[in-house]
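Got your viewer open and ready to click around? Here comes a short tour, one selection at a time.

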Amino acid sequence: MAVSASSTPDFDVYVPENIVEPGEETTLELEIRNGASVEEGGDDVGETPTTEARDVTVTLDGGDGPVNVKSNETPMRTMSAQSMSSETFTVAVDEDAQAGSYDVDVEIEYTYTSSSGSERSTTDTETIEVVVEDQARFDAETVSSDLVVGERGVVEFDLTNIGVENASNAVVQFSSPDQNVQTIDPTVEESELQTAGSEEYVGDWGINETVTAKAAMEVDNDALARTYPVSVQVQFQDENGTDRTARSTRVGVPTSHEQTFNFENVSSSLYVGEDGAVKGELYNEGPHPVDGVVLVVDDGDDQFIPTVSDGIGSGSNVYPRETQYAVGTLKPGESTPFEFRIGVGSEAEPGPRIMEVDVRYQNTHGDIQMIGDPLDITLDVEPERDEFDIEPVETTFEPGENNEIELVITNEKDETLTDIEAKPFTNAPLDSGDDEGFVPVLEPGESASMVFDVSVDDDAASQTYPLRMDFRYDDERSNSQLTDTYRIPIDVEQDDSRSISVVALAILFGSISVIAVVAWRFQDKLPLPSSLATVLNRESETQEDPDQRSTATSPDDEHTPDPPSDDGESVLEFDEGSDGAETTQSQSKRDTEH
């Protein structure tokens, strides 16, 4: 087999882009070609070509120059004659590297088959040229960032020309390799965002000069609050007017957590069938001050507030009278009060409710933002209550009495009531005629007195009767309302003290009369104590005719005339010698002496 003089592997190395900058870490792409050739006819079938290089390894050595090789060894595939392969190596250039050309050795170690059929290993050394250019170079650092998760913001950078020549017509470009952060184009809104974007024109830029550039960026809603990488690259013209692009500089940009709010000191006064209020304070948890804060109640298309048990989407007959409340400006850590008027339908059930509230605000750039998820406020709906508390002053009457009744009316609602009209209604035995009461205005918790004429029939029984009454009034929205019927107990009682006195006196005088008659008729038969005889004689003298009393007590008469008898009873006679006659005569004598 005949072979030419170039029948063994022969390598050539090329560097398409060999220009680097001081302080730069970059990659060099090397093109490696096996330049061996074979005469026509080539190798016999089944024999290994002598031009084939196997187990190829490429190593870079920067020597003592300013170009330092970071990845200096790379294994390669088997290379046949006239084949080419591209390999990439990382190099770093010293910051103080002087402009100029520097040699870097490329050592290629491989194994091949000689013409005698033996295996041989050898190393070829090639040299490439790396050019360090003196031109403008730039460094960057983050000055400030107001980026907030879910919002647009501005990042401010300080950029310095640390190269060895001036730059002109310089343009700074910004980008982020992280998909959670995007640069945005300038806006036409009246905010700082209209002067910032994904790039900024600087113009002439001298050596060691520092300029400030701003980039407008947006952070996704689901991003984390952390530091994100941002690349800064400068395009410019050198002193010869040649367009250049400086190596990019990467800096970190911090982002804050999303703007958040919370509710504090929340209270509600809600009752079935009436309007009430929910009050509290909105607290700015930061991270930034906000302006134009507005609370927006999410009442839905059907104006409902979800219940706690049923969750969102269940109507509850509870609805806001207003759907917005303007708060204004809030600094971080600051709170401000709010109040919503809430209506509760008469068909509503008592129990807790959830009111969803969105917070709309303007950030530091004037952008109108809305918090991601609405805030929840728990409302407690109390059972239905009376509009008024009625306290009667005196409600006791006697049968046949006509008198006034005083009622103290207290406003139990949480709103001012006006034009309050009270109308009593009665059934027998009570009557109030066409009497009515009126109070012009009652503040919440305020009381007023009303007086009504009430009469009770003469034949009314002693018991409690209801005085029915309802009220008509105007609420704070000037809507006329009518209350349910109130019942005031009226007690009808007999005056038993007078009746007991008359009966007692009748019994007493009746008893005395009976005793007197019995004693008079049986005074000759029955011995009586002197004290009782005195009382009976005095009673008898009071009832007898004066002439008869004189005749009966005369000592000349031997017999007392018989008293008339209508019932046929025998008439009792007085015996002069009896104790009764002596008692009578003694009594007559005491009477004469007196």
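## First stop: a tucked-away glutamate

Start by selecting Glu274, which is buried, with a relative accessible area of 7%. Keep in mind as you look around that this is a predicted model.

Glu274 and Lys413 form a salt bridge, and their closest N and O atoms sit 3.3 Å apart. This pair links distant parts of the chain, 139 residues apart: Glu274 is in the loop between β19 (260–271) and β20 (275–286), while Lys413 is in the loop between β30 (402–411) and β31 (417–425).

Zoom in on Arg385 and Asp414, whose side chains meet in a salt bridge at 3.5 Å, N to O. Arg385 lies in the loop between β27 (375–382) and β28 (388–392) and Asp414 in the loop between β30 and β31, so this pair ties together parts 29 residues apart in sequence. Is Asp414 buried, exposed or partly exposed? Its relative accessibility is 34%, so Asp414 counts as partly exposed.

## Another salt bridge

Move on to Arg152 and Asp367. They form a salt bridge too, with the closest N and O atoms 3.0 Å apart. Arg152 belongs to strand β11 (residues 152–161) and Asp367 to the loop between β25 (351–362) and β26 (368–370), so the bridge ties together parts that are 215 residues apart in sequence. Check both ends: Arg152 is buried at 18% relative accessible area, and Asp367 is buried at 5%. The protein's salt bridges come to 14 in count.

## Out to the surface

Click on Asp459 in particular: you'll find it in the loop between β34 (447–456) and β35 (464–474). Asp459 is exposed, with a relative accessible area of 69%.

## Zoom out

Finally, select everything. How many helices and strands are there? The protein has four helices and 37 strands. Of its 594 residues, 38% count as buried. Among contacts between residues at least 6 apart in sequence, 68% join residues at least 24 apart. The accessible surface is about 32,600 Å², with 43% of that belonging to carbon and sulfur atoms.

How values were computed. Residues are numbered from 1 along each chain as its sequence is written. This is a predicted model: local features need pLDDT of at least 70, side-chain atom pairs count only at pLDDT 80 or more; totals for chains, interfaces and linings use all residues. Side-chain values use heavy atoms; hydrogens and water are left out. Helices (H or I, at least four residues) and strands (E, at least two) are DSSP runs, numbered from the N terminus. Buried means under 20% relative accessible area, exposed over 50%, partly exposed in between (1.4 Å probe, protein chains only). Contact means heavy atoms within 4.5 Å. Accessible areas come from the Shrake-Rupley method with a 1.4 Å probe; for residues, only the protein chains shown count as cover. A salt bridge is a side-chain nitrogen of Lys or Arg within 4 Å of a carboxyl oxygen of Asp or Glu.
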